[in-house]
Amino acid sequence: MASVHESLYFNPMMTNGVVQANIFGVKDWVTPYKIAVLALLYEMATTKSIALLDRRRLNKLILPLQQGPDLTFEQFLKTVKECCPRMVNAVKLRLFPMADSELQDMEHFFAILPNAFSDSEAFKTSVVGLFMRQMLLAYNKLSFSQVYKLFRSLQQYSHRGGRPQRDLSALTAEDMELTSNEDTSVDPMEKDELDMGALHQSDLRSGETRGPLSQKQAEYFLARQAYLLKNDENKAMKPAKLQDELNNILKFNPDFAEAHYLSYLNSMRVQDVYISTHSLLHYFDRLILSGGEGKSNGDEGYGRSLRYAVLNLATLHCRFGHYQQADLALQEAIRIAQEANDHVCLQHCLSWLYTLEQMKGSDSVVLTEDSVKMAAHFCLPYLASLGIQSLVQQGALQGMPANKLLDALRGTDIMHWKQSLSELIDISLAQTASIWRMYGKSTMARQQAQLLLNMNSLEPVNFGVQQNNTEPFAIALCHLAELHAEQGLYGAVSDIIKHLKQQFPPHTQHAKLWMLCDLKIQFEKAMNDGKYHLAEPHVTAISALNATEGLYRKAQLLKALNQTSDASRILQRVQQLSEKNKNTEMIIRVMLATAELHWDSSGFATALPLLLQALALARQHNLQSLESETVLHLAFTQLMLGVPEQALALVQDVLECVLAHGSVLDKARALLLAARCQAALAATAPEEHRLRAVELCVETLGEAALYFSQLNCKQRLREVYYLQARLHHSLGNVSERNKSALLFRLLNQELPPSASAAVPLL
């Protein structure tokens with residue numbers, strides 16, 4: 001949010017966008033709410049028997065009451081009651097008799113108000129004293145008709161606080177008489193102001209619309225809401241309510257530039273492209289006219305505002321995916337910045353240029369490297385660090401060595417801590433967690449995510465909030481949710497997703513992150529449970545957020561439903577999209593899924609080239625988790641081809657990595673495959689070693705069953721129980737055989753018969 005410029009004078013006396021003369025020369029005026037605040041200050045000054053803790057809470061309350069927008073009387077009393085219940089009665093006893101009696105009682109209140117602070121030095125120097133003197137000055141400059149209307153508004157204001165309303169029929173007649181007997185010699189400009197004052201008070205009476213905020217109230221309101229939108233959006237006003245408040249401010253002062261900018265930020269929350277573009281253009285139009293930019297009101301201020309206006313317009317189009325319009329706006333901003341020799345603006349343009357190229361799927365490494373070099377040359381550490389972060393991300397996707405990427409991140413972290421760049425520290429931690437997770441190191445990813453969530457921000461804490469609703473926090477929480485889901489801890493996953501929903505409501509910018517994460521977790525859970533009818537709606541929802549992920553999940557669902565032809569066709573489409581987007585992880589997953597389709601048709605030899613190609617890609621890009629999964633697929637293929645010795649050797653090579661970093665499902669599948677290999681080898685083992693081999697196989701199956709039961713994976717549990725029953729029968733363990741056979745029978749009756757019973761599941 002741009003700062004509120006001191007040169008921008010907020011004048012509420014406006015009609016249809018035309019600024020009327022302010023004959024009083026003040027920036028504030030008296031309202032019933034401010035009379036209530038004055039009554040609270042008077043009672044605090046005259047009451048000596050207030051407890052120390054209550055007085056401290058009241059003192060902390062005074063500044064927000066002065067600077068914030070006018071509250072209703074109920075809200076005001078509720079706020080005071082939370083600090084000091086005793087003071088609520090004192091304020092009521094001060095205001096209600098004043099509103100129920102004559103106008104002279106309000107005059108008397110303003111007359112005795114300075115006496116309570118006459119002996120206090122704070123009255124001359126403090127914020128409270130300044131506020132009271134401003135109110136006294138504004139009240140003393142009111143005409144009689146304005147004082148009378150203020151008194152009527154005070155009566156209505158106190159009536160809304162639960163006080164019975166007096167019969168004002170006589171006052172209405174008197175008001176008509178005063179109106180008809182007005183002096184016709186009054187200056188026309190003063191008449192306009194009186195009419196505006198009448199409009200303000202009628203707004204208060206109707207309760208449907210609000211009067212204008214003072215300059216200080218508007219500045220405080222805009223600064224507070226902008227800070228909350230940046231750091232904790234949940235504590236900011238709801239989008240519709242905030243837009244109503246901004247419309248009310250702009251109704252009385254359409255040239256208030258900062259209100260237009262806050263309207264732009266608010267529209268971005270709900271992805272409203274029309275209002276956000278409209279507000280952004282109006283912001284820079286008003287900023288240029290106000291002369292608040294640059295060294296003067298001349299070409300320097302106008303030119304600087306113009307080029308940054310075009311740059312902001314380009315970022316807006318980038319946000320909404322309008323790449324052609326964003327490219328045109330960026331080229332225009334670059335041209336204007338080059339004419340003005342503005343190197344800082346050029347660096348921002350270059351940063352957005354390589355970001356735009358990344359969004360379009362083009363290679364932007366050269367542009368990014370140039371941006372980093374130029375940013376370092378012009379001492380712009382923020383832009384230089386963002387460029388390095390982008391290079392690290394691209395390097396990770398292109399398979400650069402992990403040690404080089406982490407060394408680059410460590411170098412940027414040193415710079416972040418030296419420069420106290422809190423936002424970039426958060427980004428670096430989130431990116432490090434993502435890289436570790438991509439490499440399959442779940443423990444390191446969890447550590448980085450926890451480090452980010454438990455780190456105290458270096459940003460100054462204003463309005464009682466810290467910066468915790470940014471994209472890095474959303475990414476870290478999504479990583480934790482997925483990691484907990486992989487371990488079968490769905491209760492913890494539910495708590496994390498619930499927190500994400502509260503912290504990032506559906507209308508916010510980063511809500512898509514947790515939406516996609518939640519849908520993928522629910523889909524995997526439904527697939528593990530064998531509830532394919534529940535998984536199908538999740539496929540549609542995932543496709544709305546990410547087309548590639550949605551197609552891949554649809555292929556998985558069709559494969560589980562034995563619709564192999566449709567699944568194969570969709571996997572081919574997913575592979576084409578992934579190759580176009582250079583999504584190596586998805587390419588490998590598609591190859592593994594295609595190999596599983598070959599298994600269903602007993603084409604184990606056909607699956608080998610695909611699996612070897614996937615293994616080469618996984619090793620090239622350091623994707624250890626996918627590499628382990630590919631090796632397990634190779635081992636299963638070799639087992640089906642009749643080479644159990646080599647299959648068991650492959651399983652043992654990756655078993656340690658899977659048990660250390662893999663999910664519960666990966667651990668169970670690896671142990672099940674190891675048990676199958678051991679069973680195949682036990683059948684051909686010498687008689688003296690066969691018994692021990694079968695017992696070892698039973699132990700391995702027991703561990704696999706434990707992991708499968710954590711996920712409630714009934715289809716694979718059915719197969720485990722079947723193998724256990726066969727092995728116990730060969731060992732002569734009748735009771736254990738009957739127990740396993742009973743469990744198998746119960747699951748076999750519950751689950752539908754498998755169409756691919758001849759090919760066991762991996």
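**Charged side chains**

Author: At 48% relative accessibility, Arg692 counts as partly exposed; buried means under 20% relative accessible area, exposed over 50% and partly exposed in between, with a 1.4 Å probe and protein chains only. The model is predicted, so local features need pLDDT of at least 70 and side-chain atom pairs count only at pLDDT 80 or more, while totals for chains, interfaces and linings use all residues. Residues are numbered from 1 along each chain as its sequence is written, and side-chain values use heavy atoms, with hydrogens and water left out.

Reader: Which side chain does Arg692 meet in a salt bridge?
Author: Arg692 meets Glu695, at 3.7 Å from N to O. A salt bridge is a side-chain nitrogen of Lys or Arg within 4 Å of a carboxyl oxygen of Asp or Glu. Glu695 is partly exposed, with a relative accessible area of 32%. Both residues belong to helix α34 (residues 687-711), and being three residues apart, they are separated by about one helical turn. Helices (H or I, at least four residues) and strands (E, at least two) are DSSP runs, numbered from the N terminus.

Reader: Why does a spacing of three residues matter in a helix?
Author: An α-helix has 3.6 residues a turn, so residues three or four places apart point the same way.

Reader: What about Arg569 and Asp566?
Author: Their side chains form a salt bridge as well, at 2.7 Å from N to O. They sit three residues apart in helix α28 (residues 564-581), about one helical turn. Arg569 is partly exposed at 47% relative accessible area, and Asp566 is partly exposed at 29%.

Reader: And Asp54, is it buried or exposed?
Author: Asp54 is buried, with a relative accessible area of 17%. Its side chain meets that of Arg57 in a salt bridge of 2.5 Å, N to O. Arg57, at 32% relative accessibility, counts as partly exposed. Both residues lie in helix α2, three residues apart, about one turn of the helix.

Reader: How many salt bridges are there in the whole structure?
Author: The search finds 21 salt bridges.

Reader: Let us change topic. How many aromatic pairs are there?
Author: The count comes to twelve aromatic pairs. Rings of Phe, Tyr and Trp (its six-membered ring) pair if their centres lie within 6.5 Å; planes under 30 degrees apart count as stacked, over 60 as edge-to-face and the rest as tilted. One of the pairs is Phe73 with Phe76, whose ring centres are 6.4 Å apart and whose planes are at 15°, so the pair is stacked.

Reader: Where do Phe73 and Phe76 lie?
Author: Both are in helix α3 (residues 73-83), three residues apart, about one turn of the helix. Phe73 is buried, with 1% relative accessible area, and Phe76 is buried, with 0%.

Reader: What of Phe109 and Phe110?
Author: Their ring centres are 5.7 Å apart and their planes are at 80°, so that pair is edge-to-face. Phe109 counts as buried at 2% relative accessibility, and Phe110 is buried at 5%.

Reader: Which residues do ring pairs link into a cluster?
Author: The cluster contains Tyr33, Phe73, Phe76, Phe96 and Tyr157.

Reader: Now helix α11, please. How many of its residues are buried?
Author: Twelve of the 17 residues of α11 are buried, so this helix is largely enclosed by the rest of the structure. Among them are Tyr220, Phe221 and Leu222.

Reader: What do those buried residues pack against?
Author: They pack against α1 (32-46), α2 (52-67), α12 (239-252) and α13 (257-269). Contact means heavy atoms within 4.5 Å.

Reader: One thing on the surface, then. Which residues form a nonpolar patch there?
Author: Val273, Tyr274 and Ile275 form one, with about 280 Å² of accessible area together. Patches are made of residues with over 30% relative accessible area and no salt bridge: like charges are joined within 9 Å, nonpolar side chains (Val, Leu, Ile, Met, Phe, Trp, Tyr) within 5 Å. Accessible areas come from the Shrake-Rupley method with a 1.4 Å probe; for residues, only the protein chains shown count as cover. Tyr274 is exposed, at 62% relative accessible area, and is found in helix α14 (residues 273-290).

Reader: Finally, how many helices and strands does the protein have?
Author: It has 36 helices and two strands. Of its 762 residues, 48% count as buried.
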